[in-house]
Amino acid sequence: MSCTIKHVVGTCIRREPRPQTKFEEPELRILQLHSDYVEYEPVKKEAPNAEDAEKKKIRVEDVVLLLTSVEKGDDASVARAAVDETASFMRKLKASRVLVYPYAHLSSDLAGPAEALSVLKEMEAYARELGLDTRRAVFGWTKRFKVAVKGHPLAEQSRTIRSDGEPRRIDTVQERMPVKEGKSLDEMKSVVFRQAKYDSEKLPANDHRLIGQQMDLYSFHDAAPGMPFFHHNGMIVVNELLGYWREVHRRADYVEARTPIILNRQLWEISGHWDKYRENMYFTRIDDDEYALKPMNCPGGILIFKGASHSYRDLPLRVYELGIVHRHELSGVLSGLFRVRCFTQDDAHIFMREDQITDEVVGVIRLITGFYGVFGFEYRMELSTRPQKSIGTDEQWAAAEYGLRGALDSLGVPYKLNPGDGAFYGPKIDFHIKDAMGRTWQCGTIQLDMTMPEKFDLDYMGADGQPHRVVMVHRTVMGSIERFLGILVEHFSGKFPVWLAPEQATVIPISDKNSEYASKVGTLLDGEGFRVRVDNTSNTMNYKVRDAQHRRVPYILVVGSKEEAEGTVAVRDRTGKVEYGATPDQFIQALKAKIESKEIN
Ligand SMILES: [Zn+2]
């Protein structure tokens, strides 16, 4: 079926009059059309903030057209929720290209043009971040347009995305404890004990939620939506990852800190989070004061810096923190480890003098790219510069951008320039990694910040004996440990390099007669510090091998009477290749070398 948009709107959209009460939640209305092509042409400027555009025809083929009406009160979190909805729609359709299209006719309660444009830009940026091939039609113009909608039953879907827009509040225990009236203990248990179960028939084989279940890495429970539970096997992977991460930071002269999860509201007012970010924050009350769960680690880290005096000779000061942060996400968009409400940021703050920016950023880029290389990720970098609305002086921005650009240029690495896409408080470099499936993920970021040092009066004593403002960098390598783990699980389909594998080897005797020898081999490996299991259960050998394969164990050592007599092991790797005749010691040396070099299998 091919039809014009008028036809589509006529059949798909029900325009119900909206009750206009002041308690109403803001909504974002979208219409998703899976299309063979969309053609549009800017005809006439309408909005005062219309973007620059040429009056020429643009054609996008094989695309999900995302018609969007931004309503009063819509914000970034609604924008992201809408894109999540579209991304999930596109996954079902196996579509990869999206065209974000401003379309005022889905609502009668429209946002102002500035607000609308910023929400549309947020949608565009976030869709890119999710790895979608993203286009956005120019804002503020009357456009002539034509669309050919595909003729399958799922091609057209309209959605209303809501956000309550109020700060989320965690009640104190005293307030929360009274049991909801009429609910029996059994009824409560039936809800609170519920755990998500994943079905291999319904999910792709490399879905990290499914693999996490098969390998016993982590789980998800209704008692804490969006907050993953890590099991022993998952913690092994996380701790190995963090062990290496710490080693990399130690070598680069960082020091470690840890700051509280709950901090007084006034701190968040000073930092500006109360003003700009409170819709994504959780609050609680202790005694008579209001507190917030931190959505970012900076204010805590800053308090440590402020607690001592610093000379120009002490800088740069590089402090890393594995900070557990909470950020509100709509319940409908929570998804495994990728969209959570609680995660661990592998954060660091670097306090420095202005003349140190380039060298410091070079160091951070080297650290980040070196880390990605270990997992075989390809990556690209993007530099985002001063947006129209920004704080700070021209001189500060010039120095900051010069510093970042200088670092990229001195390394001679390619990068994409996003003019005007920086944060309002400073320019940034983002890292997008590409996984084995060709999807890209924004993970690392290097963010120069000129506001926090002002807000918190962060000074150092210069060689001239006078106080000077420090420059601050916020940066992450993995971004979120949880999300990075999810990416790793899918990237390797659970077949982790041996240094990360929760179980590195399983010893399986061919028959009961060999179980003593199997235990002896197991003890040898265990003594060398490897994670090994000896499967002396009563199951058949074939069952044991399949079970170990299911758990993606890198090496299965099968021992029978021949091996026992020779004092050897038969080593089967994850490709199914078997090598006979190696002594346990030879296997140990080979395994050590693979772990040492962090070999990717
Ligand atoms: Zn920070």
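The legends below describe close-up views of a predicted model.

**View A. The zinc site.** Three protein residues donate to the zinc ion: Cys-298 through SG, His-349 through NE2 and His-474 through ND1. These donors lie 2.0 to 2.3 Å from the zinc ion. Their spacing in sequence is C-x50-H-x124-H. Cys-298 belongs to helix 10 (residues 298-306) and His-474 to strand 22 (residues 471-480), so this pair links distant parts of the chain, 176 residues apart. Cys-298 has a relative accessible area of 6% and is therefore buried, the cut-off being under 20%. His-474, at 11% relative accessibility, also counts as buried.

**View B. The largest nonpolar core.** This core has 64 residues. Those with the most contacts inside it are Phe-371, Tyr-372, Phe-375, Ile-429, Phe-484 and Phe-496. Helix 11 (residues 357-373) supplies the largest share of the core, nine residues.

**View C. Surroundings of Phe-496.** Leaving aside residues up to four places away in sequence, Phe-496 touches Met-215, Leu-217, Val-237, Leu-485, Leu-488, Val-489, Ala-501, Pro-502, Arg-574 and Asn-601.

**View D. The largest cavity.** Two cavities of 30 Å³ or more are found in a search of the whole structure. The largest has a volume of about 50 Å³. Its lining consists of Ser-77, Arg-80, Ala-81, Asp-84, Asn-280, His-328, Glu-329, Leu-330, Val-333 and Arg-339. By type, the lining residues are three nonpolar, three polar and four charged.

Technical notes
Residues numbered from 1 in each chain as written. Predicted model: local features only at pLDDT ≥ 70, side-chain atom pairs only at ≥ 80, totals over all residues. Heavy atoms only, no water. Core = buried A, V, L, I, M, F, W, Y, C linked by side-chain atoms within 4.5 Å. Buried < 20%, exposed > 50% of the residue type's maximum accessible area, 1.4 Å probe, protein only. Helix = DSSP H or I, 4+ residues; strand = E, 2+ residues; numbered from the N terminus. Contact = heavy atoms within 4.5 Å. Donors = N, O, S within 2.8 Å, 3.2 Å for Na, K, Ca; no water. 1 Å grid on protein atoms, 1.4 Å probe; cavity = no way out; pocket = protein on both sides within 12 Å on 5 of 7 lines; lining within 4 Å. Points joined across faces, edges and corners; volume = space filled by probe spheres on them. Nonpolar A, V, L, I, M, F, W, Y, C, P; charged D, E, K, R; others polar.
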